[in-house]
Amino acid sequence: MRTNRTRIAQGRGVANTLCKRALGYLYCGRLRYPYAPMTDPALIRNFSIIAHIDHGKSTLADRVLQLTHTVADRDMQDQLLDSMDIERERGITIKAQAVRVMYDADDGNTYQLNLIDTPGHVDFTYEVSRSLAACEGVILVVDAAQGVEAQTVANALMAMNAHLEIIPLINKIDLPAADPERVRHEIEEGLAIPADEAVLASGKTGEGVRDALEAVVRLVPHPVGNPDAPLKALIFDSYFDTYRGVVALIRVVDGHVTKGMKVRMMATSTVTDVEEVGVRRPANTPVDTLGVGEVGYLITGLKDPLLVKVGDTVTLAKHGATEQLPGYRDVKPMVYTGLFPIDGDQYPDLRDALERLTLNDPALIWDPESSHALGFGFRVGFLGLLHMEVVKERLEREFSLDLLATAPSVEYHAYLTKGEMLAVHSPQDMPDPGHLERIEEPYLRVTILVPPDYVGPVMELSDQRRGAFKDMQYLSATTVEMHYEMPLSELIMDFFDQLKSRTKGYASLDYEYIGYRESNLVKLDILLASKPVDALSFIVHRDKAYARGKVLTEKLREIIPRQMFEVPIQAAIGAKIISRETVKAKRKDVLAKCYGGDITRKRKLLEKQKEGKKRMKQVGSVEIPQEAFMAILKVDE
Amino acid sequence: MSSPAEEARVPLPAHLYVHVPLCRSKCSYCDFFSRADDGSVSHSELVDETVALLRGWLTPKVHAVPLETLYVGGGTPTVLGTDLVRLLREIAAAIPLAPGAEVTVEANPESLTRELADALASAGVTRVSVGVQSLDDAALRWLGRCHDAAGAMDAMRVVREAGMNLACDLIAGVPGMSAEGWRAALESVVGAGAEHVSVYPLTIEDGTPLASAIERGEIAAPDEDEAAEAMRAASEVLRTGGLERYEVANYALPGRESRHNSAYWTGRPYLGIGGGAHGMLDAAQARATGLATGDFNLGRLRYAYVSELLPDAPGAPFSLVESLTSDEAAREDAMLGMRMTCGIADELAEHAGVVRALGALAADGLVLSECGRWRPTERGWLFGNEVFGRLWSDAERLTPPHPRPRIVWHSAGVSARRR
């Protein structure tokens with residue numbers, strides 16, 4: 001799907017990388033521990049911290065780095081492991097991180113703790129599952145005031161499925177609203193995890209952090225593997241370094257990996273040399289060898305991220321393992337949108353930027369797309385909504401692009417009367433209804449946790465979104481867990497914002513994909529001045545088409561400025577018009593005043609007006625502001 | 001008779017604009033450069049310095065030509081009282097007026113007395129432009145004017161009685177004005193003997209008290225449709241009174257069109273003097289005054305003084321110096337010419353490279369071509385921005401990037417005041 005994959009874009013963003021790298025060397029100079037080759041697995045603990053968003057996972061990780069003197073206090077910056085600006089600002093983790101700390105435990109031993117920080121969002125479930133596969137235990141962080149939330153449940157279930165030791169930790173106990181007893185109860189009731197020995201901690205004050213590490217040493221099993229077997233290492237994340245190529249984060253299961261070895265990536269059958277192995281503290285620090293149970297990084301010089309896949313197994317090129325580690329799969333995008341540069345001249349820049357981002361984010365999939373209304377752009381596939389937002393924001397911020405995104409879409413399966421199936425990522429690709437036998441769309445199992453008072457509003461919203469109610473259960477007096485089956489296409493239309501606003505922010509949401517189901521879907525077209533505008537088309541359930549068409553035409557009437565001619569706005573299914581609005585013609589547009597021969601200002605105003613028009617999209621004779629294309633993203637019902 | 005040496009010198013423009021940046025008080029809609037006349041500025045010093053600025057242009061490389069038009073604007077020149085009369089006399093002493101010159105002074109009703117009107121007439125003023133704006137007291141208050149309708153009527157009478165031509169400014173589309181009230185005001189102005197009427201639709205300029213009040217939601221923004229209707233009504237009522245539209249916002253009895261303003265629209269050079277004033281020089285004048293140097297394709301040069309009461313900002317007296325190539329100058333002429341009823345000749349359209357753009361505008365019903373000229377239609381008047389904007393931006397040969405002239409911001413010619 002991607003074009004020109006091997007090209008390594010240069011320029012913007014490199015400086016950023018350089019800074020981070022320079023920063024890394026500073027940390028190297030202050031390391032407390034030298035690296036012993038191959039630690040006894042009995043002294044290794046691999047664990048992860050998992051939590052609902054905002055429950056304080058990254059702050060807690062920061063405290064662990066400080067407590068173990070991995071980072072000098074003066075170099076401490078908030079949420080050190082979240083290295084992207086967007087991660088820090090939004091308080092979310094997008095990329096997995098693995099940092100090694102040395103911990104002097106109460107039993108007198110010094111343990112090698114590998115802390116694997118996982119992405120904290122449902123979009124990245126697969127990555128989380130691979131990160132968890134590299135661990136033997138997790139610290140499950142629950143906010144002492146917020147209690148158990150949807151992703152707490154999802155994360156805990158994932159850890160249970162991976163047979164990991166779960167250490168509950170009630171965080172933010174310094175908050176005035178903290179209620180550890182209630183939360184302890186929720187953990188036991190809702191998650192069936194014994195919580196009487198839950199660690200009470202505060203990432204902010206550092207209280208309880210040592211208790212947490214003691215619990216890790218005591219409760220998390222040490223890794224077990226065969227040092228004499230051929231190498232088997234799990235790739236649980238990777239990133240791209242401009243100078244070194246793809247850097248894989250690995251966990252050694254059997255055998256060992258040493259610089260100079262010839263290794264093979266089993267899923268992609270790629271054979272390559274090991275240029276460097278090392279550990280992250282948190283800067284990359286080379287070591288000679290990584291042995292059984294150890295976590296670190298691997299550099300092979302491979303430049304193509306598609307050859308180094310998350311979930312794949314690294315083994316020896318000759319006489320290697322015959323079986324891959326379990327759990328590998330190809331990640332597939334769930335949400336698609338068209339990204340168009342507002343200034344058409346930025347099209348090549350957008351392509352370069354996507355190429356660059358893809359190096360670090362192989363889940364990002366894109367294909368050129370052209371629109372009558374918006375010109376040349378790309379159809380981009382994402383793992384989910386957050387992934388989409390983050391990518392768009394990075395493109396705009398790190399690459400200085402002004403982008404217009406069309407309504408997000410899912411992958412529809414259109415079965416033709418001829419028998420074949422067509423994967424439809426964009427309304428424009430929807431086949432003519434005459435050739436269609438049926439359409440299927442992806443469904444989700446949605447979990448919503450909400451205080452009992454808001455059960456009504458959640459039900460109302462879910463009904464509107466074609467949600468089929470499955471069951472609900474009281475986790476405690478303050479939390480109800482509700483389950484729905486719902487089309488993904490409904491969820492990506494503003495569902496989370498609506499859910500938050502109807503529950504005063506209390507609801508939390510998680511979902512998992514459950515497969516394709518047949519739906520009565522139609523393509524709704526918007527016509528301006530009797531001409532269809534491709535970028536405003538969308539696919540919608542037939543029962544909702546009228547309401548959506550009406551809301552949208554009304555909204556467009558407000559957004560589209562009056563023009564020299566009357567502009568009819570119509571919503572249509574096929575040839576049938578289902579709603580109509582009109583933008584009245586404007587009657588005048590003139591700046592008659594001319595101050596004392598100030599022609600320059602007059603010209604500047606005209607030039608400014610021209611600039612303003614340039615930012616509008618011209619479709620036929622109609623000028624459409626960018627907001628019009630966003631209007632379909634947010635449709636209040 | 002001119003001496004040979006004089007002939008080698010470059011003639012200065014025959015049109016002069018002088019800016020008086022003082023007003024009794026600031027109106028709510030106004031973003032022109034002027035300050036409240038609170039006594040902090042000495043009128044007589046202002047006159048002295050303005051005249052010194054003018055004399056600064058008279059260097060050995062140029063020679064003054066008798067002024068065809070002189071326009072003293074503002075601001076409110078009449079706040080200067082008798083100092084305004086002295087200003088006029090000193091300007092004429094520096095650069096003589098041509099026989100039959102058009103000498104215009106802007107006036108506001110609150111500062112135009114019978115005595116001042118008579119004095120202006122005897123100082124050679126032929127035309128007074130009165131800021132009437134409205135003849136509805138509520139509308140005048142809304143606009144922040146410091147006079148009422150009766151005061152405006154008095155001012156108009158005083159101008160006529162002093163034997164000068166009367167020009168009036170009116171603002172169309174003031175919220176709350178009824179259609180009847182607006183027509184009545186137009187009729188009253190015509191009845192008062194105005195030979196020239198300017199009708200400007202109310203525009204909300206950034207940074208004005210009106211703009212802030214609208215932003216705060218205290219008052220409603222003017223209705224564009226009402227303003228369009230008011231402009232249409234104005235052309236109808238004024239035509240009935242014998243005043244024909246000769247420019248997008250200007251109407252006059254035949255022969256009473258403003259020659260000064262017409263110079264702006266027809267690409268004739270003009271000097272501008274005083275804080276915030278704008279001027280335009282042709283290439284020879286720009287070089288002779290030392291404002292531009294170097295060998296390049298200069299069509300014309302526009303400049304503006306800094307918006308200070310007196311341009312004594314250290315370093316540069318100008319806030320703007322802008323060069324246009326000859327292509328750009330032609331395009332500008334085409335754009336400005338289409339503000340006028342007479343439009344532009346086919347030859348200019350050809351020369352400026354706007355024939356195709358005009359054709360597209362004609363297809364939209366905004367301009368028409370007849371008898372070898374392009375002219376705006378009635379609809380074209382209302383969509384002036386569309387016409388002017390497309391002529392400026394959609395010309396066939398937009399000037400490719402070229403070396404811009406070196407602009408001398410601090411030329412000897414214009415910094416005389418500081419000597």
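In which strand of chain A is the place of E369(A)? E369(A) sits in strand 18 of chain A, which covers residues 365-371. Welcome to this structure, which is a predicted model.

- Setting aside residues up to four places away in sequence, E369(A) touches G338(A), G377(A), F378(A), R379(A) and S426(A).
- From E369(A) to V380(A) there are eleven residues in sequence, and their C-alpha atoms are 9.2 Å apart in space.
- In chain B, you can look at A152(B), which belongs to helix 6 (residues 149-161).
- A152(B) is buried too, with 27 other C-beta atoms within 10 Å.
- The contacts of A152(B), apart from neighbours within four places in sequence, are P109(B), V132(B), L135(B) and H147(B).
- A152(B) and E110(B) are 42 residues apart along the chain, yet a distance of 8.1 Å separates their C-alpha atoms.

**Nonpolar cores**

- As background, nonpolar side chains tend to be buried together in soluble globular proteins.
- The largest nonpolar core here has 169 residues, and the members that touch the most others are V138(A), L140(A), L169(A) and I250(A).
- A separate, second core has 131 residues, including A101(B), I171(B), W265(B) and Y305(B).
- Back in the largest core, L140(A) touches I50(A), N155(A), A156(A), A159(A), I166(A), I167(A), P168(A) and L169(A), when residues up to four places away in sequence are not counted.

**Chain B as a whole**

- Chain B contains 16 helices and 21 strands.
- Chain B has 419 residues, of which 50% count as buried.
- Among the contacts in chain B with a separation of 6 or more, 73% are between residues 24 or more positions apart.

**A pair of helices in chain B**

- Two packed helices can be described by the distance between their axes and the angle between those axes.
- In chain B, the axes of helix 14 (residues 355-363) and helix 16 (residues 384-393) come within 9 Å and cross at roughly 155°.
- Helix 14 of chain B is therefore roughly antiparallel to helix 16 of chain B, since angles over 145 degrees count that way.
- The crossing of helix 14 and helix 16 of chain B is right-handed.
- Helix 14 of chain B brings A357(B), A360(B) and L361(B) to the contact, while helix 16 of chain B brings V387(B), R390(B) and L391(B).
- Sorted by class, this contact between helix 14 and helix 16 of chain B has five nonpolar residues, no polar residues and one charged residue.

**Where the chains meet**

- On the chain B side, 36 residues are in contact with 20 residues of chain A.
- Several elements of chain B give two or more residues to the side that touches chain A, among them strand 2 (15-20), strand 10 (196-201), helix 9 (224-240) and helix 12 (326-337).
- Helix 16 of chain B provides the largest share of that side, with seven residues.
- The side of chain B that touches chain A divides into 20 nonpolar, nine polar and seven charged residues.

**Backbone details in the loops**

- The peptide bond from R281(A) to P282(A) is cis, with omega near -20°.
- You can find P282(A) in the loop between strand 12 (276-280) and strand 13 (284-287) of chain A.
- In chain B, the peptide bond from G74(B) to G75(B) is also cis, with omega near 15°.
- G75(B) is in the loop that runs between strand 6 (67-74) and helix 3 (82-94) of chain B.
- H163(A) is not a glycine, but has a positive phi of about 55°.
- The loop that holds H163(A) is between helix 5 (150-161) and strand 5 (165-171) of chain A.
- H163(A) is exposed, with 8 other C-beta atoms within 10 Å.
- R466(A), which is not a glycine, has a positive phi of about 60°.
- R466(A) lies between helix 10 (455-464) and strand 24 (468-476) of chain A, in a loop.
- R466(A) counts as partly exposed, with 18 C-beta neighbours inside 10 Å.

Key: Residues numbered from 1 in each chain as written. Chains lettered and ligands numbered in written order. Predicted model: local features only at pLDDT ≥ 70, side-chain atom pairs only at ≥ 80, totals over all residues. Core = buried A, V, L, I, M, F, W, Y, C linked by C-beta atoms within 7 Å. Buried ≥ 20, exposed ≤ 12 C-beta atoms within 10 Å, placed from the backbone. Contact = placed C-beta atoms within 7 Å. Helix = DSSP H or I, 4+ residues; strand = E, 2+ residues; numbered from the N terminus. Axes fitted to C-alpha atoms, helices over the stretch in contact; angles between N-to-C directions. Parallel < 35°, antiparallel > 145°, perpendicular 65-115°, else oblique. Left-handed = near helix turned anticlockwise from the far one by under 90°. Nonpolar A, V, L, I, M, F, W, Y, C, P; charged D, E, K, R; others polar.
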